[in-house]
Amino acid sequence: MSKPSVSIPGTTRFRRAFTALLLSGALLAGATACGSEAGGRGGRGEDVALSVPAAPAAEVGAPEAWRAAEAAEVAALAEPTPSTTAEKQKFAKARFVANVGLAAGATYQWIIKPYQAGKFKKGAKGRTFALVKAGLAGAFAYNRLKAAADNAKADPLLSKAVAPLTAGIESLKGLGTKLRKGDASDADLNSLQDVITGVKGAGEGAGATVTDKVPSLSQLSGG
């Protein structure tokens, strides 16, 4: 037997629709009131905070762990750590060559070259800037030569060759200030060149041949 259809009177349908409309309006009004109340606290217009479940501890810590691992890997590639005696000596020689090369390059580019061009003379165009760069180069060369002397200690042959030159390296300590003030003499510059020549010769005799490398101005300022 077919189920008889039930006809809903039009009045009933109208009441239901009207009731739904009233409920919708009430909900909208309530949401607006809540928002207004939250915005009016203290006149600061604070937003209503939604409660969001905290992420699991494993998920929070994972990015930090990844970053730490990546940083360690980059550091290892940039500055390898030798383990055997042979590796330590080879590494020391490489660092020695790099440091002396930078000291020599800085000395020629920012001190000897402008000096020979008359840039340090009173009244010379660009003298102030030339002296500033020369002062930075002098301090940089001293620091790199000291570092090279420390590098040499890890290799017996290189250490023996460089040891007699450490006093000459130390005598360059105040050269950067002299150059910056325009007080460096010909004797000071000759002494600088003699020290660098001597250190390069010592390196070559110990199997650590040095090639000059000109540092950038940013490297100079970093020492």
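Predicted model: local features only at pLDDT ≥ 70, side-chain atom pairs only at ≥ 80, totals over all residues.
**Entry 1: α3 against α8**

I started with helix α3 (residues 85–116) and helix α8 (residues 186–205), whose axes come within 11 Å and cross at roughly 155°. That puts α3 roughly antiparallel to α8, since anything over 145 degrees counts as such. I also looked up the hand of the crossing, and it is left-handed.

Next I wanted to know which residues meet there. From α3 I noted Phe96, Val100, Ala103, Ala104, Thr107, Ile111, Ile112 and Tyr115. On the α8 side they meet Asp186, Leu189, Leu192, Gln193, Ile196, Val199, Lys200 and Gly203. Sorted by class, the contact has 11 nonpolar, 3 polar and 2 charged residues.

**Entry 2: salt bridges**

I searched the whole structure and got 4 salt bridges.

Lys200, one of the α8 contact residues, pairs with Asp212 at 2.8 Å, N to O. Lys200 is in helix α8 and Asp212 in the loop between α8 and α9 (217–222), so the bridge ties together parts 12 residues apart in sequence. Lys200 is partly exposed at 25% relative accessibility, and Asp212 is partly exposed too, at 42%.

Lys146 and Glu170 meet at 3.9 Å, N to O. This one links distant parts of the chain, from Lys146 in helix α4 (residues 127–152) to Glu170 in helix α6 (residues 166–170), 24 residues apart. I have Lys146 down as partly exposed at 34% and Glu170 as partly exposed at 35%.

Lys153 bridges to Asp150, with the closest N and O atoms 3.4 Å apart. Lys153 is exposed at 61%, whereas Asp150 is partly exposed at 45%.

Definitions and conventions:
Residues numbered from 1 in each chain as written. Heavy atoms only, no water. Axes fitted to C-alpha atoms, helices over the stretch in contact; angles between N-to-C directions. Helix = DSSP H or I, 4+ residues; strand = E, 2+ residues; numbered from the N terminus. Parallel < 35°, antiparallel > 145°, perpendicular 65-115°, else oblique. Left-handed = near helix turned anticlockwise from the far one by under 90°. Contact = heavy atoms within 4.5 Å. Nonpolar A, V, L, I, M, F, W, Y, C, P; charged D, E, K, R; others polar. Salt bridge = Lys/Arg side-chain N within 4 Å of Asp/Glu carboxyl O. Buried < 20%, exposed > 50% of the residue type's maximum accessible area, 1.4 Å probe, protein only.
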